[in-house]
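Please read the following briefing alongside the sequence and the structure.

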Amino acid sequence: MRLSQYFLPILREDPKEAEIVSHKLMLRAGMIRQSSAGIYSWLPLGFRVLKKIEQIVREEQNRSGAIEMLMPTIQPADIWRESGRYEDYGKEMLRITDRHERDMLYGPTNEEQITEIFRDSVKSYRDLPRNLYHIQWKFRDEIRPRFGIMRGREFLMKDAYSFDLSPEEARVSYNKMFVAYLRTFERLGLKSIPMAADTGPIGGDLSHEFIVLADTGESQVYCDRDLIEGSAPAEDVDFESDLTPIIEKWTSKYAATDEKHDPERFEKEVAADKQVSARGIEVGHIFYFGTKYTDAMNCRVQGPDGKLVTIECGSYGIGVSRLVGAIIEASHDENGIVWPDPVAPFDVALINLKANDEATDAACDDLYGKLREAGFDVLYDDTDERAGGKFAAMDLIGLPWQVIVGPRGLKQGEVEIKRRSTGERETLTPEAALNRIVGRTT
RNA sequence: CGGGGCAUGGCGCAGUCUGGUAGCGCACCUGCUUUGGGAGCAGGGGGUCGCAAGUUCGAAUCUUGCUGCCCCGACCA
């Protein structure tokens, strides 16, 4: 993409409404604009990041055996009356009336919707287990939205729903999601730690929050340092095998959010040099809640013996739009965002230091073509801004690589490449620069 | 929902106390000079001062009502 033809409205100063760093940087880098409290437009740069994260979430859900679908944002009130949550959910649910005076709502979550579909479609134990998910916008009319997209009212969430014949099998489904989440967050360049959590109003008795450590996080968390240093299961993890050992490895060490923190246990179970007290952001939450909705909504199948069995369920959420902010919170410096390679909106920033200079333009055009042929997304700054402004803007938007091309270097047959994450720079021939980037990024 | 604050061009702000017809920096447009880490000079465009009512010869400024947004607290991906 040529910057001269792109839409990237960068701000030089922090808008005063932004309090935390990710919100400031997202506004300044032209990723989002606020529409009203807790509701945002995603500008082209932000949209690219959102889609990259969404894709990684999707790939890991698919790998675990979950099946993608799409449910609507607007739901009928009736199914919520059936589950009993229409009254319970309170003012957080945005209620809408259509022209025929039918009660509708903008979905804050989709347990009712998926349970209705499953109930009407599945009658036999032979069709279990299944895990269905979608990635769809949600609306929760928060009392106080804040921190930009970190706690918006409208947000993009991946929500998965598992259906099993027995609690034991539901536990297997739960474990698959647990492992898929570990892998997802690691691929996104984040250190996430599963922590035992309250099940809250969703109900059930098995639940974990996935917390990303970040200085500006909202929750105070405590854990064993070993958990931070642990790495997620590899790509070849067999989701059909018994995942219990992996789960145990991650749940045997101490980890708790402020609400669940037990200082005495912490002191007793965690060696002093391993005690971590930090800030964290909740990016995922998984629940096993059994038959809470299937009971209320009469979702049953016939077992092998012909008897009706109420289906055991779990639900599993990842805040996709929140992750954009969480990644920035975890990865930035004084000059701007530092995108982890897998979620960067573009892979390479190509900076032409003297646009309209024949030799510089030609060298840039050549590199632009070759990088794109090699499969890279390139943001090519072909504008005739001054060098300083270009450097500042590219540092702000945080693309992993910068390729800097100017007449001075070209006279020596050289260009400069800079790694955004380390600030490390090298002066090389254009061919060597190309090879360096192709070789180090996969 | 309780408490606090803010609202003046795209962004950041001054002007409000003490009423006199709107200003600064950045950004934007034109020209010239510059050009490797946010250039200089000259010229220029853009604002119903959140909305409504009131007081007044006259309101960004005073009064009343409303709305929007932000921050702190309890809840949430």
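Asparagine 298 lies in the loop between α10 (292-296) and β14 (300-302), where helices (H or I, at least four residues) and strands (E, at least two) are DSSP runs numbered from the N terminus. The model is predicted, so local features need pLDDT of at least 70 and side-chain atom pairs count only at pLDDT 80 or more, whereas totals for chains, interfaces and linings use all residues. Residues are numbered from 1 along each chain as its sequence is written, chains are lettered from A and ligands numbered from 1 in the order in which they are written, and side-chain values use heavy atoms, with hydrogens and water left out.

**Backbone features in loops**

- The phi of asparagine 298 is near 55 degrees, a positive value in a residue other than glycine, and with a relative accessible area of 44% asparagine 298 is partly exposed (buried means under 20% relative accessible area, exposed over 50% and partly exposed in between, with a 1.4 Å probe and protein chains only).
- Glutamate 101, found in the loop between β5 and β6, has a positive phi of about 70 degrees although it is not a glycine, and it counts as exposed at 62% relative accessibility.
- Leucine 128 and proline 129 are joined by a cis peptide bond with an omega of about -5 degrees, and proline 129 has its place in the loop between α5 (111-121) and β7 (130-139).

**Strand pairs and hairpins**

- Strands β5 (residues 94-97) and β6 (residues 103-106) run antiparallel and are joined by four bridges, where two strands pair if DSSP finds at least two bridges between them; leucine 94 stands opposite tyrosine 106 in β6.
- The hairpin of β5 and β6 has five residues between the strands, with glutamate 101 in the turn.
- Strands β1 (residues 32-36) and β2 (residues 39-42) also run antiparallel and are joined by four bridges, with tryptophan 42 in β2 as the bridge partner of isoleucine 32.
- In the hairpin of β1 and β2, two residues lie between the strands, and glycine 38 in the turn has a positive phi of about 75 degrees.

**Helix packing around α6**

- Helix α6 (residues 167-187) and helix α8 (residues 244-251) have axes that come within 10 Å and cross at roughly 60 degrees, where axes are lines fitted to C-alpha atoms, for helices over the stretch in contact, and angles run from 0 to 180 degrees between N-to-C directions.
- That angle makes α6 oblique to α8 (angles under 35 degrees count as roughly parallel, over 145 as roughly antiparallel, 65 to 115 as roughly perpendicular and the rest as oblique).
- Arg171, Asn175, Phe178, Val179 and Leu182 in α6 meet Thr244, Ile246, Ile247, Trp250 and Thr251 in α8, contact meaning heavy atoms within 4.5 Å.
- The axes of helix α2 (residues 44-63) and α6 come within 9 Å and cross at roughly 150 degrees, and α2 and α6 are therefore roughly antiparallel to each other.
- On the α2 side the contact is made by Ile56, Val57, Glu59, Glu60, Gln61 and Arg63, and on the α6 side by Met177, Ala180, Tyr181, Arg183, Thr184 and Arg187.

**A covered helix**

- Helix α11 (residues 320-330) is mostly covered, with ten of its eleven residues buried, among them Arg322 and Glu329.
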